[in-house]
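The structure comes first, and the notes follow.

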Amino acid sequence: MKITLSYGGGGKETNKLINELFYKYFDNEILTKSEDAAIIEGSERLAFTTDSFTVSPIFFNGGDIGKLSVVGTCNDLAMMGAKPKYLTCGFMIEEGLEFDELEKIVKSMAEELKKTGAKIVAGDTKVVPAGSVDKIFINTSGIGEVIRPGISASNLKKGDKILVSGDIGRHGTVIMAHRYGVETELKSDCKLLWDEVKALIDAGLDIKALRDATRGGISAVLNEWSEASGVGIEIEEEKLPISDEVVGLCEIFGFEPMDLANEGTFIVAVSEKDALKAEEILKSFNQNASIIGEVTDNDKVILKSPWGTKRVIELPKGELLPRIC
């Protein structure tokens, strides 16, 4: 068996790789919780995460690989209720990359770091022969201070409400448009999410779980939560916020918006009593935020149409768009 691009897509094949290979050899109680960041016990509670970025193209509407690397790592920390504090950064640079392009990428990273107050405190640079990588790959690790402990994909209970912080599928659609040479004014949702998360925390809401819907989109997140908590989730199709541009391009190229990556949109599960307050807070940041469904007592993720029909939403399969982040 050979590794194919589908193993990096964030769906069924990625889960197979993680569960049947990496967990087999790296098994420990912290890793196998399968959260966005590991919670490390010590003198103060810390969250720790790592990620690698290989997006193509390296510059896209709404961002670039540098912005994406800081945003992606800081958001993974935020999804565990942790304020980003310190990052490391490793650059793998292809011989021949224009210095001006590299400077633009680094400047973009610095601008995002200023927004959250995090600092890059260690790093490494490798320059490799032409053809060894595609322009530039970036690896980042991050440490955050846990402000709100106890957030976990395994916390969901029947009756909890599911919300999305903004419209879905933007980042994946923008990358798709670049790849196919389609002109569009649509911009990636690539952005830091700590402010939204902190607002939910400061309001004292009963937050069960948080997850930024990157590779695999909200389909992957909802299925991972369903499995982790042993519950079902039912989503109202008409409540899913999707821009007309995303819908149009997905219809042209045969993609499902729920499967496409987001880089500045997250899913949150809260107790039913706090759902309307959570929606109000999220709408103050993005008017497209919405309550989209609730946790049920079956074991599947169900999408309910406006006409009352239902279909199962499964983990995405195969490789939709390689190297989106």
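## Positive phi and a cis peptide

Ser 34 counts as partly exposed, at 36% relative accessibility (buried is under 20% relative accessible area, exposed over 50%, and partly exposed in between, with a 1.4 Å probe and protein chains only). Although Ser 34 is not a glycine, its phi is positive, at about 60 degrees. Ser 34 sits in the loop between helix H1 (12–26) and strand E1 (38–40); helices (H or I, at least four residues) and strands (E, at least two) are DSSP runs numbered from the N terminus. Arg 323, also not a glycine, has a positive phi of about 55 degrees. Arg 323 lies in the segment after strand E14 (310–312) and is partly exposed at 28% relative accessibility.

Ser 56 and Pro 57 are joined by a cis peptide bond with omega about 5 degrees. Pro 57 belongs to the loop between strand E2 (46–53) and strand E3 (59–60).

## Basis of the model

The model is predicted: local features need pLDDT of at least 70 and side-chain atom pairs count only at pLDDT 80 or more, while totals for chains, interfaces and linings use all residues. Residues are numbered from 1 along each chain as its sequence is written, and side-chain values use heavy atoms, with hydrogens and water left out.

## Cysteines

How many disulfides does the structure hold? The count is 0, where a disulfide is a pair of cysteine sulfur atoms within 2.5 Å. For Cys 190, the closest cysteine sulfur is in Cys 325, 10 Å away and too far for a bond. The closest cysteine sulfur to that of Cys 325 is in turn the one in Cys 190. Cys 190 is buried, with a relative accessible area of 4%, and Cys 325 is buried at 14% relative accessibility.

## Helices H2 and H3

The axes of helix H2 (residues 65–78) and helix H3 (residues 99–116) come within 7 Å and cross at roughly 30 degrees. Axes are lines fitted to C-alpha atoms, for helices over the stretch in contact, and angles run from 0 to 180 degrees between N-to-C directions. H2 and H3 are therefore roughly parallel to each other (angles under 35 degrees; over 145 is roughly antiparallel, 65 to 115 roughly perpendicular and the rest oblique).

Contact here means heavy atoms within 4.5 Å. H2 contributes Ile 65, Gly 66, Lys 67, Ser 69, Val 70, Val 71 and Cys 74, and H3 contributes Ile 105, Ser 108, Met 109, Glu 112, Leu 113 and Thr 116. The residues of this contact divide into 7 nonpolar, 4 polar and 2 charged; Ala, Val, Leu, Ile, Met, Phe, Trp, Tyr, Cys and Pro count as nonpolar, Asp, Glu, Lys and Arg as charged, and the others, Gly among them, as polar.
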